Amino acid sequence: MLSMQNISKMYQTEMVQTHALKDFNLEVDEGEFIAVTGPSGSGKTTFLNIAGMLEPFTGGTYSLDGVDVGSLSDNARADLRNQKIGFIFQGFNLIPDLNLYENVEVPLRYRGIKSAERKRRIESCLEQVGLASRAKHLPQQLSGGQQQRVAIARALAGEPRFLLADEPTGNLDSLMARQVMELLEQINRDGATIIMVTHDPELARRAPRNVQIVDGQMADITLYQRNGVEPMQKIAGA
Amino acid sequence: MSELKPIFNALLRSKAGALMLLFQIAITTAIVSNAAFIIYDRMTYLNKETGYPEEELFYFRVTSFEENADYNQQIELDEALLRNIPGVINAANFTAVPLTGSGSSSSFSVVPEPEEGRSANAAYSMSDHNAIETLGVKLIAGRDFTEEDVVFAQNYDKLPTVAIVSKAWAEELFPDEDALGKVFYVRNAPAKIIGIVEQMTAPWPSSNVAEKVVIFPLINGTARQKFIVRAHAGERAAIMRQIEDLMLQENNQRVITSLQGLDEAKAEYNASDTLMLRMLVVLIVVLVSVTALGIFGLTLFNISKRTKQIGTRRAIGARKSDIIRYFLLENTMVCLAGLVLGCIGAILVAHQLMAHYSLPALDYAYVVGTALFVLLISLLAVIVPARRAANISPSIATRSI
Amino acid sequence: MFLHYLDLSWRSFKRTPVVSVLMVFAVAVGIGITMTSLSVYHMMSMDPIPEKSDKLFHLQLQTMEGEQTRRGSPDGLPYQMTYQDAVALSNAPIPARKVPSMKAGFSVHMNTPEVKPFIETARMTNRDFFDMFNLSFVHGGPWTLEQQDNATPVVVINEEINNRLFGGANSVGNMIYLDNRSYLVVGVMKQWKLNIKFYDVNNGAFHDAEQLFLPFSLIAPFEIDTWGNTNGWKSEETNTFQQKMRSEDLWIQFWAELNNEQEEREYGEFLMSYMQEQQKSGRFDRDQLEYALRDVLETMDYRGVVSEDNRILVGLSFMFLAVCLANILGLLLAKFLRRAPEVGVRRALGASKTQVFYQHLVEVSLLGLMGGIVGIGISQLGLWGVRLTQDYYTELATMDITMLIAAPAIAITSCVIAGLYPAWLVCGTTPATYLKTQ
C-alpha cells in the first residue's frame, strides 16, 4: 500500500547540500507493523515526514494506496493525510487550548463529519485508550502517558488505514511506554498498518519488521517473528 | 457554524490577550464613529456656500488721521478711484465685511419701540447703491438700491428708510407671508424691505445669525472705513497689490490695513474648525493604523506561539484554507464582541459630548459604518499573518524542540 | 542589578525587533497625539500670572434692567462695564488698586515723511495697571497721577515700538504722533509676552497685548472710541460719543486687586451700596442687584478660554492613548508569556519572583522611555502642523519644559501600568511546569 522508489531528499543551505535521504526504497504492505530505526541524524524523521506527506521530496516516486503523491496539490495531500493517515508524535502535540474531546475532534472536523458521528467516534476512541471519563480535561492536566494515549485516540478517530508514529514512547517512562506499545500492537491487530520510528532497539524488536536507515539509505531489513505469528499470514488474514 | 465553539473555548482559555484586542476595538469604534461624525459636521459647515463669489472679492480697512476731514466725500472719491482700476467690477464702502468675524448685529422688530412685537436678529451693514453688485449676491425679489435711496449722514443724524435683506432673515421676521414691501423697525425708525437676496452670510458664519443679513443704504463716514472690491478672479491679486499705494496717493493722512481676499478671511475665521478637522482626521487614521498593527502583531505572536499546533493541525489533515479560516474566525469573534461594546461606547461618548459641548446628536449610521469599517480593517490585518500561518510546514509537528 | 536588567531588556528588544518596534511605535504615537493636544490645552489653560492670579479680580455689574440678562453669558451678567460705572468705581476709595481699561487703536507716526504711518492697538487705562499686572520698564515709568488727572497726552510704549521708532534708544521725553495728536513718551515698557490676553478676552483670548498704553482720562476729551466690542441693551440714543459715555453701553473692562477675603467682602459690600445708590437715580432698575468678582483663573474658565474643540481633542487623545496601551498590553502579554520557559529556567536557577517582576518592569519602562522620546518628536511634528493652520497658534502650539518632561513620564507610567499584569503573570509561573514539558 506504500511504495517508495528511489526517494531522495536534499536540503540546500547557502554553502552545502545535504542528502537526508538518498535513493530510498521501501514497500509496505497492508497490515504491517514496521519499526524504523537508525542513529540520530540518519534521516528517520525525514523518512517519516515524506511518508506522511508533511514534506515534499526532491526525487523518486512515492505512491500511497496507488495514488502518486508527488503529483498532488497541497490541499489534496492534506485531504489524503486526513483520510488515510493517523499521526502519533513524540511530543504528543495536543492542542493546549482544547480539551481532550475537542482535541480528538480536530481531524474529524477537517473531514467534515457530522456532529453525531463525531461524538460517537470520539467517545469510542477515548474509550479505547481508557480516557473516556476525562473528556473535559485539558491536556496539561494529564500525565505524559495519558497525553500520548489521547494523541493515539486522535490518530485513531479518523479510522486511518495507516498510522505513523514518531518516537511514540520517547518522552515516556518504561511502564507507560509499554502500555502505549501494547495499545499500538492492539491497533495493528485490528487492521491498521503502522510505521513507527524509534531509536530504542528494545521497542523495535517488538515490531515484526525492522527497517534501518543509515546515512539516508535503507541499510538492513530484519523480519522478526513474534509470538509465532508470521507477518505474511497476518496480511493474508486481513 | 459548529466550528465556532472550540475556537471560542480556546479564546476563553487565553482570555487576557483577546480581552485587550476586544477593548482596543471597542474604544477604536467609539472614538472613530464620534470623530467621523464631528468631521462630517465640520465639513458640511466649511463647505457651505456663503452666497458670495469669495475669490472675486477682497476688502481692506482705511484708518484716517486727517484733521477735520469730510469722510463722506472721501468715501465717494475712494469708491470712484477703486471702480476705475481696470479689472474691478465694482467697489463699495461697508461698515461690516462678511466672513471676517468683525461687524455689528442687532434685533429688528415688526413694530416701533416701545411696542412689543415679533423681532429677529440680523447682522447689518451700511453701504450704498453699489453694495449688491459688489457683493455679487443674487437678488430674487424686489429691486436694488438706487442712488436716491442712499442717505448721507453724520453721527446718524439721518437714517435710511429702505433695506435689502437676506431671504433667511426675511422668512424669520415675516413667516408665511411675502416680506417684500413690508416695514420693520430699527428701534422706532421704519425701514421698508425693497429687495430680498437669495443668500448672504454674516461676518460670523458659525453664529446663529450666519445667514441673516440686512443692508442699509447709508453712508455715515468716520475715521475708520472698510471697502469691499469685486474684481475678476484672475486679476484680483494684481489689483490687491496696488491698493495701498493708490489709496495713499489719493490721501496720505491714513493707514491701509487688513488687505485680504474674502476667501482668505473665511479661512482665517474658520481656522480652528479646519484645525479640529485635521486633528480628527489624523487621529482617526493613526488610531485605525495602530489598531490594525495591534491586531497584526498579536496574530503574529499567536501564530508563533502556536507554530507547533498549526503544524500538527496541518499534519492531521487541515488544509491551508482551514488554518486561515481559523484565524479569521477567531479574530472576527473577538472583533464582533469588541464592536458591540464599541457601538455602546460610541453612543455613550456621544451623549457625554452632547451634554457638555455644542455638538449635534450622533447619527447612528456613523456607528454602523465605523463598525463595518473596523471589522474590514481587522480582517485585513489578520489575513497576512494568517497566510503566513498557513504556510507553516506540517513537518514542524515531528520536530522536537 | 538595574544595569543588568537594562541589558536584558535591550537583548529582549533585539530578539523580537518587529514586535518591539511595533510597541515603541504604539507608545510613541499615543504619546505624540496626546501631547500635541495636551500641549495646546496646557498653553491655553496655563496661569498667565501665577504670582498674583488669585489677587486680581475682574468685575462685572448687572446693569441690565428688569428681567434682562446678557445672552450667551453663563450667569447672564454683561462681560463689560459702562463708562460711567468704570469712572465712578475707579474714583472710589476702595480698593487701593483698581483700573478701568479699554482697547483702542491709533495710526502711529512721527509727523515726518520718513516714518510711514502704521496702525497699533492701544490700551486706555490708569497708571496702576502696570503695577497690578507686574509690568516692568526699560526706560522711564508710568505717567504721574497728576498727568492722569489732568488728561495730559502721554504714552507708554513697549520695546518693540521703541525699536521701530527710536532704534531702541531711550525715547523718554520724545514725542510721537497718534492719529493727529502728539503724545509725550513717559516710559518704555519691557515687551509684554503673554500667551493668553487674560485681562481682555473679548476680542479673542490669544491676541497679543497692546503696544501702547495711555491714560484712561484721555477718552473723554479726545473722544477715543473703543476698538473692542460695544454691547448695548437699552433703547437710547448713542449716536454721538458724548451720548455713548453717558449711556448704558458696555465697553469698558475693570480689574481690582484684592489681597484677602476681608478686602473681597468689603469691596462686595461697597459695590452693593454703590448700586443701591445708583438705583436712586433710576439706574440698576431690577429686583436683584448682582455683581461678580472673578480672579484670573476663574475669569478664564468663565469666558471659556480653552475652546470646546480642544477639550474634546484632549479627551479623545487620552482614549487614543488607552487604545495604544491596550495594544501594548496585548503584545507584552504575548511576548512575556512566550518567554515563560526561559523565566522557568531563571526561577529554577534561583531568581526570586520579585526579581523577575522587577526585570520585566525595567523592560517595559525602557519601552516607555523610547516611546516617550519618539513621541516628543511626533508631537513636535503635530504642533508644527497646528502652527501651520493659524497664526495665533504660534505661541500656543509649543511644548514648554513641563510638557517635555511630562511626555516620557506619561509614557513610562502608562507602559508600566500596561506591563504590570503581564509581568505579574510571567513571574507567577511555576518553574516546574516549563522545565518538564516543552
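Here is a walk through a predicted model, taking chain A, then chain B, then chain C.

Let's start with chain A. Its secondary structure comes to 8 helices and 10 strands. The radius of gyration of chain A is 18 Å, close to the 18 Å that the globule rule gives for 238 residues, so chain A is as compact as a globular protein of that length. If you draw a box along the principal axes, the C-alpha atoms of chain A fill roughly 50 × 45 × 35 Å. As for what's tucked inside, 48% of the 238 residues in chain A are buried. And if you look at contacts in chain A with a separation of 6 or more, 69% of them involve residues 24 or more positions apart.

Now turn to chain B. You'll find 11 helices and 12 strands here. The spans of the C-alpha trace of chain B give you another view: along the principal axes they are about 105 × 50 × 30 Å.

Among the contacts in chain B with a separation of 6 or more, 83% are accounted for by residues 24 or more positions apart.

Chain C comes next. Its domain assignment gives domain 1 as 2-47 + 307-436 and domain 2 as 63-289. Taken over C-alpha atoms, the centres of domain 1 of chain C and domain 2 of chain C are separated by 50 Å.

Where those two domains of chain C touch, 6 residues of domain 1 are in contact with 4 residues of domain 2. What classes of residue does domain 1 of chain C put on the side that touches domain 2 of chain C? There are 5 nonpolar residues and 1 charged residue, with no polar ones.

Terms used:
Residues are numbered from 1 along each chain as its sequence is written. Chains are lettered from A and ligands numbered from 1 in the order in which they are written. This is a predicted model: local features need pLDDT of at least 70, side-chain atom pairs count only at pLDDT 80 or more; totals for chains, interfaces and linings use all residues. Domain bounds come from an automatic or database domain assignment. Two residues are in contact if their C-beta atoms, placed from the backbone, lie within 7 Å. Ala, Val, Leu, Ile, Met, Phe, Trp, Tyr, Cys and Pro count as nonpolar, Asp, Glu, Lys and Arg as charged, and the others, Gly among them, as polar. Helices (H or I, at least four residues) and strands (E, at least two) are DSSP runs, numbered from the N terminus. The radius of gyration is taken over C-alpha atoms; the globule rule is 2.2 Å times the number of residues to the power 0.38. A residue is buried if 20 or more other C-beta atoms lie within 10 Å of its own, exposed if 12 or fewer, and partly exposed in between; C-beta atoms are placed from the backbone.
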